[in-house]
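Me: I have not seen this structure before. Could you take me through it, beginning with the aromatic rings?

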Amino acid sequence: MAIDLKPFEEKINEELALVERELASVGRRNPGNKDDWEAATADEDGSQADPNENADKFEELGINEAILADLETRYRELKAAKERIAEGVYGVCEISGEPIEKERLEANPAARTCLKHTPHRK
Ligand SMILES: [Zn+2]
């Protein structure tokens with residue numbers, strides 16, 4: 001079965017751009033590794049701030065870290081999907097080696113497994 005990869009590649013690129021924008025709003029790129037992101041607060045200068053304000057900042061940082069972790073996971077999934085396209089193995093189940101259902105790829109263009117081998121989430 002040969003499926004047209006173009007629409008999936010486009011979806012992946014679109015979502016990747018979106019995720020990158022969201023990552024940039026809650027964090028910043030690690031200067032040493034552009035695929036790694038770290039959470040950031042609105043301003044980094046907390047040296048002379050009063051303790052209450054610092055507590056707020058720590059809380060904000062915690063929230064950002066949680067959002068960032070989710071975004072980063074998605075970012076890596078999308079990047080991996082792009083690599084699979086480049087390697088010509090996109091849309092193949094990692095477990096069975098069978099083609100992944102089109103509906104499944106439409107729902108999640110970064111899917112690594114067919115419906116049968118998709119672990120249930122939550
Ligand atoms: Zn499978």
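Me: How many aromatic pairs does the count come to?
Reply: The count comes to two aromatic pairs. Rings of Phe, Tyr and Trp (its six-membered ring) pair if their centres lie within 6.5 Å; planes under 30 degrees apart count as stacked, over 60 as edge-to-face and the rest as tilted. Phe8 and Tyr90 form a tilted pair, 6.1 Å from centre to centre and with 45 degrees between the planes.

Me: Where in the chain do Phe8 and Tyr90 lie?
Reply: Phe8 is in helix 1 (residues 6–26), while Tyr90 is in the loop between helix 2 (51–87) and helix 3 (102–107). The two are 82 residues apart, and the pair links distant parts of the chain. Helices (H or I, at least four residues) and strands (E, at least two) are DSSP runs, numbered from the N terminus.

Me: Are Phe8 and Tyr90 buried or exposed?
Reply: Both Phe8 and Tyr90 are buried. Buried means under 20% relative accessible area, exposed over 50%, and partly exposed in between (1.4 Å probe, protein chains only).

Me: And what about the rings of Trp37 and Tyr75?
Reply: The ring centres of Trp37 and Tyr75 are 6.3 Å apart and their planes stand at 80 degrees, so this pair is edge-to-face. This pair also links distant parts of the chain, with Trp37 in strand 2 and Tyr75 in helix 2, 38 residues apart. Trp37 has a relative accessible area of 7% and is therefore buried. Tyr75 is buried too, because its relative accessible area is 2%.

Me: Before going on, what kind of model is this?
Reply: This is a predicted model, in which local features need pLDDT of at least 70 and side-chain atom pairs count only at pLDDT 80 or more, whereas totals for chains, interfaces and linings use all residues. Residues are numbered from 1 along each chain as its sequence is written, and side-chain values use heavy atoms, with hydrogens and water left out.

Me: Back to Tyr90, then. Which residues is it in contact with?
Reply: Leaving aside neighbours within four places in sequence, Tyr90 is in contact with Leu5, Phe8, Ile12, Ala81, Arg84, Ile85, Leu105 and Pro109. Contact means heavy atoms within 4.5 Å. Tyr90 and Leu105 are 15 residues apart in sequence, and their C-alpha atoms are 9.9 Å apart in space.

Me: Now the zinc ion. Which protein donors does it have?
Reply: The protein donors are Cys93 (SG), Ser96 (OG), Cys114 (SG) and His117 (ND1), at 1.9 to 2.4 Å from the zinc ion. Donors are N, O and S atoms within 2.8 Å of the metal (3.2 Å for Na, K and Ca); water is not among the atoms, so sites may look incomplete. Along the chain, the donors follow the spacing C-x2-S-x17-C-x2-H.

Me: Why does Cys93 count as buried, and why is Ser96 partly exposed?
Reply: Cys93 counts as buried because its relative accessibility is 3%. Ser96 counts as partly exposed because its relative accessibility is 31%. Cys114 has a relative accessible area of 6%, so Cys114 is buried.

Me: What about the strands: how do strand 1 and strand 2 pair?
Reply: Strand 1 (residues 27–30) and strand 2 (residues 33–39) pair in the antiparallel sense over four bridges. Two strands pair if DSSP finds at least two bridges between them. The two strands form a hairpin with two residues between them, and Gly27 stands opposite Ala39 in strand 2.

Me: Finally, in what order do the elements run?
Reply: From the N terminus on, the order is α-β-β-α-α.
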